[in-house]
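Q: Hi! I'm new to this one, could you walk me through it?
A: Happy to, let's have a look together.
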Amino acid sequence: MSSERVNFLHGERPEDPQAAGPRPRPSKRPGPEGGVRDANRKARLEALHHAAVTLMLARGIADVAVDDVATEAGIAKASFYRYFESKAQLVEAVFAPLRAALEAAATEADQSIASARTEAELLAAYAQLAAALQRVVFSAPREVLLYLQEARGPAHGDRRPVRALADRIAEVAVSLTARAHEHGLLRPMPARISALAVVGAAERLLFDVLVGESSLALGGAAAEHLVSLVMDGLWNR
């Protein structure tokens, strides 16, 4: 992936308070799966997803209205509510694949770390986790960047799904570190301190890469260097 800065689009458009509100969404997929109507539905969902991420990267989640997303996606605002009940639900949908991929990586890492009995095995487990997370970033770099921009904001309104993901990442990091302590391979320090320090450092480095402010590149040795740096300071020697 290129580390070029994301191109931001358009200016701010306030939401029309007189516009029609949410309408009930269809309970079933339109037409048979794989048919024309189903293909159109998927295309509109993809357009809404892409438009939301583009606008929210440029302005922030709070300053993007449903009308903005619909206009950017090239659909009527009324059509938006055929797929989502609210902007918050759209935000949740944007991050759902990212969260699912992170949960899968965490489950695999938990098993590897639990079975590690030597420094080499634990280092390999963390390297495997770093590689899995790197694949997540490759698969959804714009969504990851949006997460990094919004994760430290207050958990109000439409930002709640982002903060929920941030809290889950912290929870998983602490849990994995506590798991690594079980066999006495790490220094006896509170898991929350070392885990959140690593998460903070990794997210800062990743943000710099994604906005093009770092000479580091995804797919390079950055993840290996970070794992090595962290583990050198945490071994119980």
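A: Below we go from the overall fold to some helices, a few rings and the core.

Q: Before we start, what kind of model is this?
A: This is a predicted model.

Q: Okay, how many helices and strands does the protein have?
A: The protein has nine helices and zero strands. Reading along the sequence, you get the pattern α-α-α-α-α-α-α-α-α.

Q: And how much of the protein is buried?
A: Buried residues make up 40% of the 237 residues. The accessible surface comes to about 12700 Å², and 54% of that surface belongs to carbon and sulfur atoms.

Q: Let's pick a helix. What does α5 span, end to end?
A: The end C-alpha atoms of α5 are 30 Å apart, which agrees with the 30 Å that its 21 residues should span at 1.5 Å a residue.

Q: Which residues of α5 are buried?
A: Leu122, Ala125, Tyr126, Leu129, Ala130, Ala132, Val136 and Val137 are buried in α5. They cover an arc of only 160° around the axis, so they sit on the same side of α5.

Q: Then what is exposed on the other side of α5?
A: There you find Ala120, Arg135 and Ser139, which are exposed.

Q: Now α7. How many residues does it have?
A: Helix α7 has 22 residues, running over residues 160-181. From its first C-alpha to its last it reaches 32 Å, close to the 32 Å expected at 1.5 Å a residue.

Q: What covers its buried residues?
A: The cover for the buried residues of α7 includes α4 (87-115), α5 (119-139), α6 (141-150) and α8 (191-210). Among the buried residues of α7 are Pro161, Val162, Leu165 and Ala166.

Q: Switching topic: how many aromatic pairs are there in the whole structure?
A: A search of the whole structure finds two aromatic pairs. Phe80 and Tyr81 have ring centres 5.2 Å apart and planes at 80°, so this pair is edge-to-face. Phe80 and Phe84 form a tilted pair, with 5.7 Å centre to centre and 40° between the planes. Ring pairs link Phe80, Tyr81 and Phe84 into a cluster.

Q: What about Ala78, where is it found?
A: Ala78 is found in helix α3, residues 77-80. Its relative accessibility is 35%, so Ala78 counts as partly exposed. Ala78 and Asp67 are eleven residues apart in sequence and 9.3 Å apart in space, C-alpha to C-alpha.

Q: Last topic, the core. Which residues have the most contacts inside the largest nonpolar core?
A: Those are Leu48, Val69, Phe95 and Tyr147, in a core of 38 residues. At least two residues of this core come from each of α1 (36-59), α2 (66-73), α4, α5, α6, α7 and α8. Helix α1 gives the most, with seven residues. There is also a second, separate core of 15 residues, which includes Ala109, Ile113, Ala125 and Leu185.

Q: And what does Tyr147 touch?
A: Leaving out residues up to four places away in sequence, Tyr147 touches Phe95, Arg152, Val162, Leu165, Ala166, Ile169 and Glu203.

How values were computed:
Residues numbered from 1 in each chain as written. Predicted model: local features only at pLDDT ≥ 70, side-chain atom pairs only at ≥ 80, totals over all residues. Heavy atoms only, no water. Helix = DSSP H or I, 4+ residues; strand = E, 2+ residues; numbered from the N terminus. Expected span 1.5 Å × (residues − 1). Buried < 20%, exposed > 50% of the residue type's maximum accessible area, 1.4 Å probe, protein only. Contact = heavy atoms within 4.5 Å. Areas by Shrake-Rupley, 256 points an atom, 1.4 Å probe, with all protein chains shown as cover. Arc of directions from axis to C-beta. Phe/Tyr/Trp six-rings, centres within 6.5 Å; stacked < 30°, edge-to-face > 60°. Core = buried A, V, L, I, M, F, W, Y, C linked by side-chain atoms within 4.5 Å.
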